[in-house]
Amino acid sequence: MTKGADRPNGTCGGETGGILTIDLDALAANWRLLRNRMEGNPCAAVVKANGYGVGVVPVARRLAAEGCETFFVAHIEEGVTLRQALPGPEIFVLNGLSPGSAPSYRAHQLAPCLNDIGQVRAWLDHCADAGPTAAALHVDTGMTRLGLDPHDLETIDLDGLRALPDLIVMSHLACADEPDHPLNERQRGAFEDLRMAFPAARASLANSSGLFIGDGYRFDLGRPGVALYGGNPTPTRGHNPMRPVVRLQARVLQVREIQDNCSIGYGATADAFPGTRIATLAAGYADGYLRAISNRGTVYVDGHACPVVGRVSMDLLTIDVTKAAADGIAITPGTLVDLINKDHTVDDVAADADTIGYEVLTSLGNRFHRQYVGGSGE
Ligand SMILES: *Cc1c(COP(=O)(O)O)cnc(C)c1O
């Protein structure tokens, strides 16, 4: 899995634009930290969107080896991929039971999150024919996105639901990253009421941030996603308790010393002057280095900060290396430049792009050479 690690330090071959390194030991440490916050209750892992862009199979294998027994994905197809890699754990599919999909759930031992009355009825009918099988009941307590309206519970057969094996009753917090937001407490209260109707089920409310906003939010099963991958679950406190999991390095294609006043890149949005040194890197927005970072981002060469200048284009971006070069840093074609590292994290890059770490992670492209370091769990 670490092919490419034999390359000389600080360079990579020309086959790809760069190297995406995923630290599975950091991932495992993050899961243990989150599980410890559950104080004895289990902690699931949300691995939708290909493990937040990081790679669902290596992620889930390692977390299963750490003791994670419950995974959440968004789509059935994601669940099938995960099931093929891991026969053991429970896998819940957040986006629910679409018409005709019950046989797929059964064939691959997946469990649907039942998000509306029709899905509850369809699953109970299916279970009446084929035998009771695990599901989660997803009730919307104030996010207005997915899940049953709590009033809908008055219209369905709760005994049928209560009889499902391994039932989870879940809801999702809309503002957990803002601990003082009043919606948190309203959702918690509504969830508390609702879980009373299912005394034998496992109750699950907290996402990553929800595990940090108070004891009352943890219930029986944690459901973190982004914090596993190093995203900060406590953005209002600043300090990130998680370990960085992702490092992204892009290769220098060209370095030039500007001779005459000129502009840089599409739209001529930046200027360069004689003596300026501009390096062009083999990564762009098609690799998930968002175009919004144009003229705003910072990258690191050997620890030296270099500004992104000009527009990020599809496969290329340009940086000003004048100062780094003056400080004696060698920058030549093949040099690897850090776009994301432990000092300039996924969340920092997100801030440069006016977005959130989730979007940076899930945008990470497939063209980089991917290497997984740390124990694989196999
Ligand atoms: C994505 C998701 C999570 C995980 O959220 P994070 O903020 O990434 O921890 C948990 N529950 C549901 C329903 C989700 O959609």
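The legends below describe close-up views of a predicted model.

View B. In the side chain of Lys-48, an N or O atom is 2.7 Å from an oxygen atom of the ligand. Backbone atoms also take part: a polar backbone atom of Gly-225 is 2.8 Å from a ligand oxygen atom, and a backbone N or O atom of Val-226 lies 2.8 Å from an oxygen atom of the ligand. On its own, the ligand has 380 Å² of accessible area, of which the protein covers 94%.

View C. The largest pocket is the space taken by the ligand.

**View D. Cys-43 and its nearest cysteine sulfur.** The structure contains zero disulfides. Cys-43 is in no disulfide, and the nearest cysteine sulfur, that of Cys-68, is 6.8 Å away; a disulfide would require the two sulfur atoms to lie within 2.5 Å. With a relative accessible area of 4%, Cys-43 is buried.

View E. For Cys-262, the closest cysteine sulfur belongs to Cys-306. The two sulfur atoms are 17 Å apart and therefore too far from each other for a bond. Cys-262 is partly exposed, its relative accessible area being 31%.

Terms used
Residues numbered from 1 in each chain as written. Predicted model: local features only at pLDDT ≥ 70, side-chain atom pairs only at ≥ 80, totals over all residues. Heavy atoms only, no water. Polar contact = N/O pair within 3.5 Å; in protein donor to acceptor, adjacent residues only side chain to side chain. Areas by Shrake-Rupley, 256 points an atom, 1.4 Å probe, with all protein chains shown as cover. 1 Å grid on protein atoms, 1.4 Å probe; cavity = no way out; pocket = protein on both sides within 12 Å on 5 of 7 lines; lining within 4 Å. Sits in = over half its atoms within 2 Å of the grid points. Buried < 20%, exposed > 50% of the residue type's maximum accessible area, 1.4 Å probe, protein only.
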